[in-house]
Amino acid sequence: MQEARRQIQRQLDLIDRQITRRMTALIPQLKPRRAGYRRGRAPDPSAFLERYRSHLAAITAERQPEIDALSRKLARQDAAIAAYCVRNGLASDRLNARGPCNRGGLAVRSRSQGDRDHG
């Protein structure tokens, strides 16, 4: 289950990198083509950001159905892993352990023993 979850997460990361790569390639096209000072007015500094954001929204919208499907699948896998951990009495503390189920609860057990020694 955890390997399938990692594969889905890798797919989402790949999509994110692809969007970033496309936006990076678009940046030169988004810059103003001529200096505004020659025409008597300063260039609008927010115009670049507006163009960038609109292109980012368009590119993201193209991939949004795929992103949504993968996100839903990832959420289902997280729920299944959490349910498995609860069913088998494993800790699901991801911050202090190596995996979603805490690899057999070893980190929680060692932390509990440490608390008993100092308390």
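**Group meeting talk: a helical chain and its core**

Hi everyone, let's start at the N terminus: from there on, the elements of this protein chain run α-α-α. In total, that comes to three helices and zero strands. Please keep in mind that this is a predicted model. The chain has 119 residues, and buried residues make up 18% of them.

How do H1 and H2 pack, and at what angle? The angle is about 180 degrees, and the axes are 9 Å apart. That makes H1 roughly antiparallel to H2, because an angle over 145 degrees counts as roughly antiparallel. If you sort the residues in the contact of H1 with H2 by class, you get 17 nonpolar, eight polar and eight charged.

In soluble globular proteins, nonpolar side chains tend to be buried together. Here, the largest nonpolar core has eleven residues, among them Ile-8, Leu-12, Ile-19, Ile-59 and Leu-74. Helix H1, residues 2-30, and helix H2, residues 45-87, each supply at least two residues of this core. Which helix gives the largest share? That would be H1, with seven residues.

Leu-12 is in contact with Ile-67, Leu-70, Ser-71 and Leu-74, once we leave aside its neighbours within four places in sequence. Then there is Ile-59, which lies in helix H2. Is Ile-59 buried or exposed? Ile-59 counts as buried, because its relative accessibility is 4% and the cut-off for buried is under 20%. Not counting residues up to four places away in sequence, Ile-59 touches Ile-19, Arg-22, Met-23 and Leu-26. Also have a look at Ile-59 and Thr-20: they are 39 residues apart in sequence, and their C-alpha atoms are 9.7 Å apart in space.

My next stop is a charged residue, Arg-5, which lies in helix H1. Arg-5 counts as buried too, because its relative accessibility is 16%. What does the side chain of Arg-5 make a polar contact with? The partner is the side chain of Asp-78, at 2.4 Å.

One last number, for the chain as a whole. Take the contacts between residues at least 6 apart in sequence: 55% of these join residues at least 24 apart.

Conventions: Residues are numbered from 1 along each chain as its sequence is written. This is a predicted model: local features need pLDDT of at least 70, side-chain atom pairs count only at pLDDT 80 or more; totals for chains, interfaces and linings use all residues. Side-chain values use heavy atoms; hydrogens and water are left out. A nonpolar core is a set of buried Ala, Val, Leu, Ile, Met, Phe, Trp, Tyr and Cys residues joined through side-chain atoms within 4.5 Å. Buried means under 20% relative accessible area, exposed over 50%, partly exposed in between (1.4 Å probe, protein chains only). Helices (H or I, at least four residues) and strands (E, at least two) are DSSP runs, numbered from the N terminus. Contact means heavy atoms within 4.5 Å. A polar contact is a pair of N or O atoms within 3.5 Å; within protein, one must be able to donate a hydrogen and the other to accept it, and residues adjacent in sequence count only if both atoms are side-chain atoms. Axes are lines fitted to C-alpha atoms, for helices over the stretch in contact, and angles run from 0 to 180 degrees between N-to-C directions. Angles under 35 degrees count as roughly parallel, over 145 as roughly antiparallel, 65 to 115 as roughly perpendicular and the rest as oblique.
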